[in-house]
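Thank you all for making time this morning. I would like to walk you through one model, region by region, and I will give the cut-offs behind each term as we reach it.

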Amino acid sequence: MHELSVCFEVIRTLQVFVAENNLTKVESITLEIGELSSMIPNYMQECFPAAVDGTMFENTKLEIEVIPGLGRCNSCSKMYQLLPVNGVCPQCGKKDFDVISGTEFNIKEIVAC
Ligand SMILES: [Zn+2]
């Protein structure tokens with residue numbers, strides 16, 4: 001599963017962060033996942049416990065913020081959310097847009113002590 005390898009990637013980043021800052025415990029981690037990225041938040045939530053099993057992050061809480069996938073119509077310049085309308089502009093009915101947001105995958109916040 002794609003998400004599992006991403007989980008391990010996130011954990012590697014966490015380990016570096018913890019080592020650099022001499023931390024002993026990570027309370028929670030917040031990920032920003034764009035609606036249009038290939039990542040599925042529910043899968044991430046499901047595979048995270050398996051990925052952190054036996055590591056110092058066993059009790060770390062995973063928070064996920066979903067960023068809506070927005071596009072701007074190339075024909076009438078309207079901004080709209082892409083997924084609910086399958087990419088079709090609600091104003092002029094064309095399917096010709098630039099993606100503005102929604103492809104992100106970031107670690108937004110790490111809460112540690
Ligand atoms: Zn349009």
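I will begin with the metal site, then turn to the charged pairs, and finish with the loops.

Before that, a word on conventions: what you see is a predicted model, in which local features need pLDDT of at least 70 and side-chain atom pairs count only at pLDDT 80 or more, while totals for chains, interfaces and linings use all residues. Residues are numbered from 1 along each chain as its sequence is written, and side-chain values use heavy atoms, with hydrogens and water left out.

So, the metal site. Which residues coordinate the zinc ion? The donors are the SG atoms of Cys-73, Cys-76, Cys-89 and Cys-92, at 2.3 Å, where a donor is an N, O or S atom within 2.8 Å of the metal (3.2 Å for Na, K and Ca), and, since water is not among the atoms, sites may look incomplete. Along the chain these donor residues follow the spacing C-x2-C-x12-C-x2-C. The angles subtended by the 4 donor atoms run from 105 to 116°, and therefore the arrangement is tetrahedral, a label that four donors receive if all angles lie between 85 and 135 degrees. For reference, the ideal angle for four tetrahedral donors is 109.5 degrees.

Cys-89 is buried, at 3% relative accessibility, whereas Cys-92 is partly exposed at 33% and Cys-76 is partly exposed at 26%. Another cysteine, Cys-47, is buried at 5% relative accessibility. How many disulfides does a search of the whole structure find? The number is 0, with a disulfide taken as a pair of cysteine sulfur atoms within 2.5 Å.

Let me move on to the charged side chains. The structure holds 4 salt bridges, each being a side-chain nitrogen of Lys or Arg within 4 Å of a carboxyl oxygen of Asp or Glu. One of them joins Lys-108 to Glu-65, with an N to O distance of 2.9 Å. Because Lys-108 lies in strand S6 (residues 105-112) and Glu-65 in strand S2 (residues 61-67), this pair ties together parts that are 43 residues apart in sequence; strands here are DSSP runs of E, at least two residues long, and helices are runs of H or I, at least four residues long, both numbered from the N terminus. Both partners are partly exposed, Lys-108 at 46% relative accessibility and Glu-65 at 35%.

Among the other salt bridges, Glu-63 pairs with Lys-61 at 3.2 Å, N to O, and Glu-63 is partly exposed at 32% relative accessibility. Glu-27 pairs with Lys-25 at 3.7 Å, N to O, with Glu-27 partly exposed at 39% and Lys-25 partly exposed at 39%.

Glu-32, in strand S1 (residues 26-34), is the residue I would ask you to look at next. Glu-32 is buried but has no salt bridge, and the nearest side chain of opposite charge, that of Lys-108, is 4.6 Å away; for charge, Lys and Arg count as positive and Asp and Glu as negative, with His and the chain ends not counted. Leaving out residues up to four places away in sequence, Glu-32 touches Glu-65, Ile-67, Glu-104, Phe-105, Asn-106 and Lys-108, contact meaning heavy atoms within 4.5 Å.

Finally, the loops. Ser-37 sits in the loop between S1 and helix H2 (41-52), is buried at 14% relative accessibility, and, its neighbours within four places in sequence aside, contacts Gly-102, Thr-103 and Glu-104. Pro-68, in the loop between S2 and strand S3 (70-73), is partly exposed at 35%, and its contacts, with residues up to four places away again not counted, are Glu-35, Gln-81, Ser-101 and Gly-102.

In the loop between S3 and strand S4 (79-81) we find Ser-77, a residue other than glycine whose phi is positive, near 70°. Asn-86, in the loop between S4 and strand S5 (97-101), likewise has a positive phi, near 60°, and is exposed at 57% relative accessibility.

Notes
Buried < 20%, exposed > 50% of the residue type's maximum accessible area, 1.4 Å probe, protein only. Tetrahedral: all angles 85-135°; square planar, octahedral: opposite > 155°, others 65-115°.
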